[in-house]
Amino acid sequence: MAKEYAVTVNPEEEEVNRLGVVRVIWSELSGGIGPWGAFRPIFSVLVSLVPFVYLGQHFNGQHSKAFGWALIQLPLILTVILFPILYIWSIIDSWWFSNKIIVSKNIV
């Protein structure tokens, strides 16, 4: 004897308000780790675009790396090829390390 079961689902309408939408958008943008969240790498790249001072490394807490690159840039300024390579690499490194900080905070 086979028994038949009937399942009915009553769709419940969830109330959507503006604050809930803003909360979801903020959670997605911040990555769930506070106000910096996903903005941290973007801000790190923006401050690292200032040439000669390596603010992206300072922002990420890598002060010794920033001071080292500032000293290395003095002889490299005289070259046309090597200084832009160091400048572009500092921007990439700032982005990379900032993402690493976000990942390490999300693991906890």
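A: Buried means under 20% relative accessible area, exposed over 50%, and partly exposed in between (1.4 Å probe, protein chains only). This is a predicted model, with residues numbered from 1 along each chain as its sequence is written. Local features need pLDDT of at least 70 and side-chain atom pairs 80 or more, totals for chains, interfaces and linings use all residues, and side-chain values use heavy atoms, without hydrogens or water.

Q: How much of the chain counts as buried, then?

A: Of its 108 residues, 24% do.

Q: What secondary structure does the chain have?

A: Helices (H or I, at least four residues) and strands (E, at least two) are DSSP runs, numbered from the N terminus. Here you get 5 helices and 0 strands, in the order α-α-α-α-α from the N terminus on.

Q: Is Tyr54 buried or exposed?

A: Tyr54 is buried, because its relative accessibility is 2%. Phe52 sits at 43%, so that one counts as partly exposed.

Q: How many residues does helix 4 have, and what span does it reach?

A: The expected span is 1.5 Å times one less than the number of residues. Helix 4 runs over residues 63-76, 14 residues in all, and reaches 20 Å from first C-alpha to last, close to the 20 Å expected.

Q: Which residues of helix 4 are buried?

A: Ala66, Trp69, Gln73 and Leu76. Looking down the axis of helix 4, these buried residues fall within an arc of 75°, so they line one face; the arc is taken from the directions from axis to C-beta atoms. On the other side, Ser64, Phe67, Leu71, Leu74 and Pro75 are exposed.

Q: What does Gln73 touch?

A: A contact means heavy atoms within 4.5 Å. Setting aside residues up to four places away in sequence, Gln73 touches Phe52, Tyr54, Phe83 and Leu86. Gln73 itself is buried, at 6% relative accessible area.

Q: Which side chain makes a polar contact with the side chain of Gln73?

A: A polar contact is an N or O pair within 3.5 Å; within protein, one must be able to donate a hydrogen and the other to accept it, and sequence neighbours count only if both atoms are side-chain atoms. The partner of Gln73 is Tyr54, at 3.2 Å.
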